[in-house]
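Student: Can we go through the salt bridges in this one? Start wherever you like.

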Amino acid sequence: MFGKLFGRDAERPVADPHALPVPRRQKNGTYPLRALGDTRVLALVEAADAGDWEAVKEALAPFDLGRDHAVLGQLADLDGVQDWIGRAVQEDKEHRATALLVSGARHISWGWEARTSARAVNVTQEQWRVFHERLEIAEEQLLEAAELRPDWVTPWRRLLTSGRGMSLGPAVNETRRDAALRRDPLDLDTHIEWVSQLQPRWGGEPGQALAFAREAFAGAPDGHRLGCVIAMAHIEEWVESDNRDCLQDPRIRTELREAAERSILHHSYERRLGWQGDYNIFAMALSLAGSSKASNVFRELDGVFTEWPWTFMADPQKAYARFRKAF
C-alpha cells in the first residue's frame, strides 16, 4: 500500500516532522483538522490570536502567503485579527503588502460573518450595511496588495469572493478570475471560487459550472489536485437541487470515481499542506453519489474532518461521521 501511495520504491511513509499530534477522537472516531495539522501553522495561528505582528511575520517565514490559500485562510477565519491588523498596515511599510493581504482576506470573512448564511431576503438592512462596509475595505486593501506584489495569486482569488458579495458583475469578476489564472492556470481555489460564481443563486446558468470544471480538469496533468473542481461542481449542483438524490446517477458516480483516481488517488498526487481538504471534498461528493470509492478516501483520511465543504449540511461533522460509517 505504501508503494502505491508514496511512490513506487517507498516501503513506508516518511514521518512529517511538522505534523501535529493526533488529538483525542470523538466517539464516532472523527476529529476536526486543526491548523492544517502542522506545528508551524499552529504557531502562526497562536501568534495571530495574540495580536503579535512580529511573531506572525516570523511564523510566516516557511510559507508563501501570496500563493498559499490554505495558510492565508487560517488567518482570514481567525476572529480578532481585524482588531490589530490595521496597525500593521499603517506602521509596517516594509511588509505592507503582507499586512494588506491578511487584512483584506480577514475583512471578507468578517463581512460574511455579519451577513450570515441566511437567504438574501432574510438579511436585515443593518447586516447588509456592515457586510458592504467590510467588503469595501477588503476591496481597497486587496487591490493595493495585488499592485504591490503583481506575482501574487491570493489577492485575486479573494477579490473574486468580495466581487461576488458586492454584485460587481460578470465583467469585473471575469477580469479577476483571469488575473488569478494568468499567475497560476491550475490554481484550484480560483477554479472552485468560479464554480460557486457560476451557480444559479449567483446569476449563473444550470450546467455552466460543471462544463467549466470539466474543461479545466481536462487540461490538468495526472495526479493534480484540480480534480477536486469536478467534485465541487457536483456538490454545488446538489446544493442547488431540490432533489437530495440528484447525484445518485451511474454516470455521475463514474465521473467522480475517475476524477478521484486521476487526482487525489493517483500515485503522482502530492500530499501538500492541507491535503486533507482535498480528500474531504471528494469524500462528500462520492458519498452523495453513493460511490463505493468513498471508502478509499475515508480510509486515507482516517477520521480527519475539515469544515469545508461539509458546511453545506446542517451538522457537518455528524454528516461526515455518518457517511464514513456507511462506507
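**Salt bridges**

Tutor: Start with D79: its relative accessible area is 54%, which makes D79 exposed. Keep in mind that this is a predicted model.

Student: Which residue does D79 meet in a salt bridge?

Tutor: R106, with an N to O distance of 3.5 Å between the side chains. D79 sits in the loop between α4 (69–76) and α5 (85–91) and R106 in helix α6 (residues 96–115), so the pair ties together parts that are 27 residues apart in sequence.

Student: And R106, buried or exposed?

Tutor: R106 is buried, at 0% relative accessibility. The side chain of R106 also meets that of E113 in a salt bridge, at 3.0 Å, N to O. E113 is partly exposed, at 42% relative accessibility.

Student: Switching topic: what does E300 form a salt bridge with?

Tutor: With R271; the closest N and O atoms are 3.0 Å apart. This pair links distant parts of the chain, 29 residues apart: E300 is in helix α15 (residues 294–301), and R271 is in the loop between α13 (250–262) and α14 (275–289).

Student: How accessible are E300 and R271?

Tutor: E300 has a relative accessible area of 17% and is buried. R271 is partly exposed, at 27% relative accessibility.

Student: Last one: how many salt bridges does a search of the whole structure find?

Tutor: The search finds 25, the D79 and R106 pair being one of the salt bridges.

How values were computed
Residues are numbered from 1 along each chain as its sequence is written. This is a predicted model: local features need pLDDT of at least 70, side-chain atom pairs count only at pLDDT 80 or more; totals for chains, interfaces and linings use all residues. Side-chain values use heavy atoms; hydrogens and water are left out. A salt bridge is a side-chain nitrogen of Lys or Arg within 4 Å of a carboxyl oxygen of Asp or Glu. Helices (H or I, at least four residues) and strands (E, at least two) are DSSP runs, numbered from the N terminus. Buried means under 20% relative accessible area, exposed over 50%, partly exposed in between (1.4 Å probe, protein chains only).
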